[in-house]
Amino acid sequence: MCPIYGEIVSKKRKLQEEERENIKRRNKRQRMVIATTITDSSEELHSTFASRYARTSLPKFMMPEQPISKDAAYQIINDELMLDGNPRLNLASFVTTWMEPECDKLIMSSLNKNYVDMDEYPVTTELQNRCVNMIAHLFHAPVRVDETAIGVGTVGSSEAIMLAGLAFKRKWQARRKSQGKPCDNPNIVTGANVQVCWEKFARYFEVELKEVKLKKGYYIMDPVKAVDMVDENTICIAAILGSTLTGEFEDVTLLDELLMKKNKETGWETPIHVDAASGGFIAPFVYPELEWDFRLPLVKSINVSGHKYGLVYPGVGWVVWRSKDDLPEDLVFHINYLGSDQPTFTLNFSKGSSQIIAQYYQFIRLGFEGYKNIMETCLANARVLKDGLEKMGRFEIISKDVGVPLVAFSLRNSSKHTVFEISESLRRYGWIVPAYTMPPDAEEVAVLRAVIREDFSRSLAERLASDIEKVLKQIETLPPRISARAALLTGSVNDFPEDKTVAMGDFEKSVKESQGEVTKESRNVGRKKVSGVCIMPSGN
Amino acid sequence: MVLSKTASESDVSVHSTFASRYVRHSLPRSKMGENSIPKDAAYQIINDELMLDGNPRLNLASFVTTWMEPECNKLMMDSINKNYVDMDEYPVTTDLQNRCVNIIANLFNAPLEEGEAGVGVGTVGSSEAIMLAGLAFKRKWQNKRRAEGKPFDKPNIVTGANVQVCWEKFANYFEVELKEVKLREGYYVMDPVKAVELVDENTICVAAILGSTLNGEFEDVKLLNDLLLEKNKITGWDTSIHVDAASGGFIAPFLYPELEWDFRLPLVKSINVSGHKYGLVYAGIGWIIWRNKEDLPEELIFHINYLGADQPTFTLNFSKGSSQIIAQYYQLIRLGYEGYKNIMENCHENAMVLKEGLESTGRFNIVSKDNGVPLVAFSLKDNLRYNEFEISDMLKRFGWIVPAYTMPPDAQHITVLRVVIRQDFSRTLAERLVIDINKVIKQLDALPMKSLLIKVELSGEEKPKRTPLEIQKDITDTWKKFVMAKKPKLVC
């Protein structure tokens, strides 16, 4: 053993032991005295806040030596969590924050059921398979009614996308190998507006990510440019149905046509994956005529987040393949399920089954009609908010009417105030409305984005519009200096420490200059897509 | 006409759930229904169908926690709509996660200064944790080889054949060759000597298991470390060790604090542990801890902005619930060192009760060791008349889920039954199980040999005179086909 390290460890262990000894000694001492009996019993007699737990600070680095009572543990954690934002007022996220109490009950009673024990919980497995079938049919997969569709439940769209990407990579490798061509330089083509998990997939599975750049006023992948980028090493093109930035649907029909043509010319077989994380449960109900799914021959797999417009709490996503041939057999692990063979393809293993059951609940409870009504309501409420914002005359609406129900808007004139200030001020009213800059090549645009979920009713939409109006009036009255400083502060919050110090030091700069700085900083954030994603954790 | 329709619509709210039309129609299975149905009906139908699932509390196949205190259930339900990944919106939840990482890193004796934050992350389970750890090793090895100007396209990883299926998955999905140290009868863990022999310049790491899924035994990480140190010195490589402590990570520090298996050993660079096993939280939480920052290549980390500070993240999943993180923190502070110790001691003691009960029947060989994860693995001394699978089947009728499975290659003629002792498996239940196993044996003893003969015929070519050993092998083989690839399943 390395001597220095051994020393550190032995010293640390000694310290730990001493500490433990001390506590033991202390406890023993207390136990001997009668007074302790009273203190001990007092823990049960007195209220939680009269106990010593409310007085001592919680361990942050070491496990405490002694247990504490369960009410105290509950109360302490519960109270600290009060300082988290209210999920229902979090307009940053697509992820479901409300479900019917009946479904809550189902979720609670299956919290202790391990999804992976398929032999022990056959009904849960069956429900998962039914969900896969329903989604496959919803997306027009070419399967007969009595046939089982190919797909799997995941923790979210991230896992779904990695599985889909892995299948494309393996298929491409197999094809190249059979042609006797090299297979060590795979790439994938996407728009620059993709969620961070595509970058993750590319980096972790060693695939080059070729991004189609955006431009101002056009914030989705241009199918023509995308097809241009395709080469013989392209494992697939990933199109997004419901861009996280503006909610817009990409034109998958056009992409399919162009790619078909290119495939015919070149002899390649480049396929399409549709990332329908947010749009997959919108389009089939609101725009049934739109062709984006398995109706297009090159679309080989689709992922969708059950926990977005699938209306289930976080922790469920789905990936569905067109047919068996699109999922290479060597990726599938077979497990024994009730004597029959249950193929599985996942990155995770043990996990709860609540979300699967909840997804099935929503499907049978709501049916096509219920989902349609909910999505239409969301879009209607998005329009209410949009109209309210337009009436103020200060904002430019960037999101489109057709797409995922969200409203993305930027300030017409941000020389005095920025969207970051508005976002910050809205927090005081309880709203979480993120502000972020667009990805590279459109990064001078900063927008606010409000996602309209099922539980965001019309009265809340009206309330938000009036609160935004109030905020606008308030920051108007602020003297420019403070306003500039506030801008700097909000700007720097999004950035790295070095930049912060630079920005903080320059309070005397003119408003104009500071403004430039803020934009520059936010631009850095935008370039560092990752943090951009956090500001709008839209993500999965 | 109109009237009757109104009446039938009203029946939805007036009549009881079981009087409504929804219990008469079959449920949509492959297509979404056209119309909505009332929420109570939907609840009742799903709830009732789920009655046919096994009872998780009686599922002795799984290490995964099936019981928590009601207070913690409440905390979990309150935060079920909180997305763990929204760190900016839910800073307290993120902070609780970081505290859990620190506490676990210290529990595993990571070389941290006072107040220094541990390097680690909460995952959905040990599978994700292992993939992340493996990926870090692979990337580190690639970088090193690239820097040396050597080829880096043939990485391999050395493990015992007793590893959980997720190591196979990692190897398959991330294109790393899996080199398995074979087992042999009577020795069901990785042999450190053989493992170190398998190591070559392309080995990204050796994965040791603290608490083998098959029999709960701890592998000798200390010996592995010493041997590997020696080999590294001779060859100049710096192959390191990952410890898969999925089931043993919350056992060893409390029951065997003197056992050196963790960051006290210099070559151990990362450890994963399942929060949902002996971490005592419901399914959906695991942890991966690295020794220090250098062991996690920077390029794998995605940085996100968290309250103005930089929050590095390294995960395969993105959105997920935060209930399990909060529940883990609840358990750590509620139970403390003493609480965990008491629970693990109880589990161990109940395992001994069960073991002694089984031994007293005189029918079983105990395959598991006393030291290790609290489980009892046992096989029949004489499985001529009936075998372990039949016992498992019969026990299901009493409500117990006790899996039977065959050992991995090179020890595959051995079949065992395995009972995992969790905190909620009390002494009363242990005694009850022994009684029920006795009943099952009696029932099976009373059965004629018929069932056995059929199975022998099923197994194929019937030779006239065969030794008992051959027959036994045949039966095992037949059953092996039944439980083919059972491996992924039993591990859970």
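1. Let's start with the second largest pocket of this predicted model, which holds about 810 Å³ of space. A pocket here is an open set of points on a 1 Å grid over the protein atoms alone, where a 1.4 Å probe fits, with protein on both sides within 12 Å along at least five of seven lines; lining residues have an atom within 4 Å of a point. Of its 39 lining residues, the closest to the centre are B:Gly118, B:Val119, B:Gly120, B:Gln311 and B:Pro312.

2. Which element gives the most to this lining? Helix H4 of chain B does, with six residues. Chain A also takes part, as helices H7 (196-204) and H17 (529-535) of chain A are among the elements that give two or more residues. Helices (H or I, at least four residues) and strands (E, at least two) are DSSP runs, numbered from the N terminus.

3. Next, have a look at strand S7 of chain A, residues 317-321.

4. Now for charges. Over all chains there are 47 salt bridges, each a side-chain nitrogen of Lys or Arg within 4 Å of a carboxyl oxygen of Asp or Glu. One of them links A:Lys169 and B:Glu175 at 3.2 Å, N to O. A:Lys169 lies in helix H6 of chain A and B:Glu175 in a loop of chain B, so the pair joins two chains. A:Lys169 is buried at 5% relative accessibility, whereas B:Glu175 is partly exposed at 33%.

5. Another salt bridge joins A:Arg170 and A:Asp330 (3.2 Å, N to O). These two residues are 160 residues apart in the chain.

6. A note on conventions: residues are numbered from 1 along each chain as its sequence is written, and chains are lettered from A and ligands numbered from 1 in the order in which they are written. Local features need pLDDT of at least 70 and side-chain atom pairs count only at pLDDT 80 or more, while totals for chains, interfaces and linings use all residues; side-chain values use heavy atoms, with hydrogens and water left out.

Definitions and conventions
Buried < 20%, exposed > 50% of the residue type's maximum accessible area, 1.4 Å probe, protein only. Points joined across faces, edges and corners; volume = space filled by probe spheres on them.
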